[in-house]
Amino acid sequence: METKRNINDWLPITKSRNAKWWYSAFHNVTAVVGAGVLGFPYAMSELGWGPGIVILLLSWICTFYTAWQMIEMHEPEPGKGKRFDRYHELGQHAFGEKLGLWIVVPQQLMVEVGVNIVYMITGGNSLMKIYQTVCGDCKPIRRTYFIMMFSCVQFLLSHLPSFNSITGVSLAAAVMSLSYSTIAWIASLHRGVQPGVQYGSKFSSDAGNIFGFFSALGTIAFGYAGHNVVLEIQATIPSTPEKPSKIAMWKGMIVAYIVVALCYFPVAIFGYWAFGNNVDDNILLSLERPRWLIIAANIFVFVHVTGSYQVFAVPVFDMLESFLVKRMKFEPSRLLRFITRNAYVFLTLLLAVTFPFFGGLLGFFGGFVFAPTTYFLPCVMWLVIYKPKRFSLSWCANWICIAFGVLLMVLAPIGALRQIILEAKDYKFFS
């Protein structure tokens with residue numbers, strides 16, 4: 001027991017349990033409000049006004065509900081000692097030791113590694129846009145080099161020992177996400193409706209419109225990806241029978257979801273309103289002026305994805321280090337941590353420079369793995385653990401979320417895969 005406790009004191013998730021409720025607020029803002037919001041106007045152009053707003057609203061309600069479920073399930077008996085500090089631990093409690101591990105771990109890893117790859121690309125793209133805006137006449141530099149510059153920052157930050165030690169980075173990231181979202185929708189509003197704007201079918205063929213619709217579902221699902229780190233964030237909050245961790249966590253989550261609404265809905269609506277079907281898959285690319293505002297927005301995106309990369313990387317570090325120490329019997333050491341974390345950052349760098357299809361990746365990862373872990377896996381666990389009465393409000397709410405999430409999971413990757421194939425036709429590796 002003592003050995004297990006000592007290992008937990010070394011692992012990044014359970015190393016420190018002194019977080020405040022506002023830590024959870026900005027960790028969740030950093031995790032949920034991602035660069036995916038910049039693709040929302042493009043998703044709206046593929047969905048159209050009615051379906052676009054309905055799916056945005058449904059996603060917000062459904063994921064807010066599943067976030068509440070995860071917070072409630074974190075601690076079966078508040079203050080009594082047993083806490084599910086990691087997503088897979090809750091999965092094992094619901095589905096059994098082996099099955100729970102196989103259901104949750106592959107999906108959670110795909111989400112977290114997927115987010116880190118997309119954010120590696122996004123950070124590089126932001127640096128490239130800053131360079132092109134500041135120095136329009138300068139010699140072009142390959143995107144690969146900008147992604148490598150972004151990775152240098154991650155190589156450094158990845159050696160912060162625990163979740164609470166990245167609090168400052170996460171706070172800066174949360175502020176930046178609100179800032180660049182605000183810039184995106186205010187700049188769109190300022191530009192107004194562009195000449196010749198169209199809101200009808202985006203593509204010339206029915207097949208194009210159908211696949212575009214599917215891909216847009218994935219882009220929106222990607223925007224609500226933060227649930228993969230909810231339990232890990234709550235694990236950093238102290239808990240007693242009088243003041244269980246869920247009180248502080250829920251307070252932080254409410255603040256986070258208010259910020260999510262303030263970021264997501266104006267960006268999606270005003271970005272689509274201004275540019276219609278001609279909007280780029282990253283709204284900042286459509287907003288070419290004023291120059292200083294675009295430079296500022298891209299700096300904000302860079303800072304945000306720097307922090308967000310870490311929020312999603314820490315649970316991966318925890319998983320890798322836990323496996324190496326508990327299963328492979330390595331000695332917990334700085335050297336082990338140094339090698340493991342550098343190897344992981346290098347892997348995401350390699351994949352990012354090889355496949356930088358930003359729009360397609362959002363949709364593919366959003367549908368294939370984010371929809372299950374965010375939209376319906378918490379509902380399935382809730383049904384298994386609490387067994388609500390059939391046709392009760394809780395039972396119906398869970399099955400509605402499950403049906404919605406399954407639709408996203410099935411349809412979104414189809415459209416996104418087609419988009420990736422179309423973009424890959426003209427792509428040269430390491431360009």
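# Briefing on cavities, cores and cysteines

About 40 Å³ of space lies in the second largest cavity, one of two cavities of 30 Å³ or more that the structure holds. The model is a predicted one, in which local features need pLDDT of at least 70 and side-chain atom pairs count only at pLDDT 80 or more, whereas totals for chains, interfaces and linings use all residues. Residues are numbered from 1 along each chain as its sequence is written, and side-chain values use heavy atoms, with hydrogens and water left out.

**The second largest cavity**

- A cavity here is a set of points, on a 1 Å grid over the protein atoms alone, where a 1.4 Å probe fits but cannot get out, and its lining residues have an atom within 4 Å of a point; grid points are joined across faces, edges and corners, and the volume is the space filled by probe spheres set on the points.
- The lining of the second largest cavity is made up of A31, V32, G34, A35, G36, V115, Y119, F222, A225, F312 and F370, and the elements that give two or more residues to this lining are α2 (21–32) and α6 (97–134).
- Helices in this numbering are DSSP runs (H or I, at least four residues), counted from the N terminus.
- By class, this lining has nine nonpolar, two polar and no charged residues, where Ala, Val, Leu, Ile, Met, Phe, Trp, Tyr, Cys and Pro count as nonpolar, Asp, Glu, Lys and Arg as charged, and the others, Gly among them, as polar.

**Nonpolar cores**

- A nonpolar core is a set of buried Ala, Val, Leu, Ile, Met, Phe, Trp, Tyr and Cys residues joined through side-chain atoms within 4.5 Å; buried means under 20% relative accessible area, exposed over 50%, and partly exposed in between, with a 1.4 Å probe and protein chains only.
- The largest nonpolar core has 116 residues, and those with the most contacts inside it are I220, Y224, Y264, Y375 and M381; helix α11 (residues 245–275) supplies the largest share of this core, 15 residues.
- Apart from this core lies another, of six residues, among them W10, L11, V325 and L336.
- Where contact means heavy atoms within 4.5 Å, M381 touches M73, Y87, L90, G91, A94, F95 and V104, not counting residues up to four places away in sequence.

- S181, found in helix α8 (residues 167–191), is buried, with a relative accessible area of 1%.
- Residues up to four places away in sequence aside, S181 touches V33, V37, C263 and V267.
- From C-alpha to C-alpha, S181 and V353 are 26 Å apart in space, and they are 172 residues apart in sequence.
- S45, which is found in helix α3 (residues 40–47), also counts as buried, at 2% relative accessibility.
- Leaving aside neighbours within four places in sequence, S45 is in contact with K202, Y272, G276, N277 and V279.

**Cysteines**

- The structure holds one disulfide, a disulfide being a pair of cysteine sulfur atoms within 2.5 Å.
- C135 and C138 form this disulfide, with their sulfur atoms 1.3 Å apart; C135 is partly exposed, with a relative accessible area of 23%, and C138 is partly exposed as well, with a relative accessible area of 30%.
- The sulfur of C263 is too far from the closest cysteine sulfur for a bond, because that sulfur, in C62, is 20 Å away; C263 counts as buried, at 0% relative accessibility.
- C396 is in no disulfide, the nearest cysteine sulfur, that of C401, being 11 Å away, and C396 counts as partly exposed at 29% relative accessibility.

**Exposed positions and positive phi**

- I400 is found in helix α16 (residues 393–424) and is exposed, with a relative accessible area of 56%.
- The C-alpha atoms of I400 and F376 are separated by 9.1 Å, the two residues being 24 residues apart along the chain.
- K329 lies in the loop between α13 (291–327) and α14 (334–354); the phi of K329 is near 60°, a positive value in a residue other than glycine, and K329 is exposed, with a relative accessible area of 67%.
- F391, placed in the loop between α15 (358–386) and α16, has a positive phi of about 70° although it is not a glycine, and F391 is exposed, with a relative accessible area of 63%.

Note on methods: 1 Å grid on protein atoms, 1.4 Å probe; cavity = no way out; pocket = protein on both sides within 12 Å on 5 of 7 lines; lining within 4 Å.
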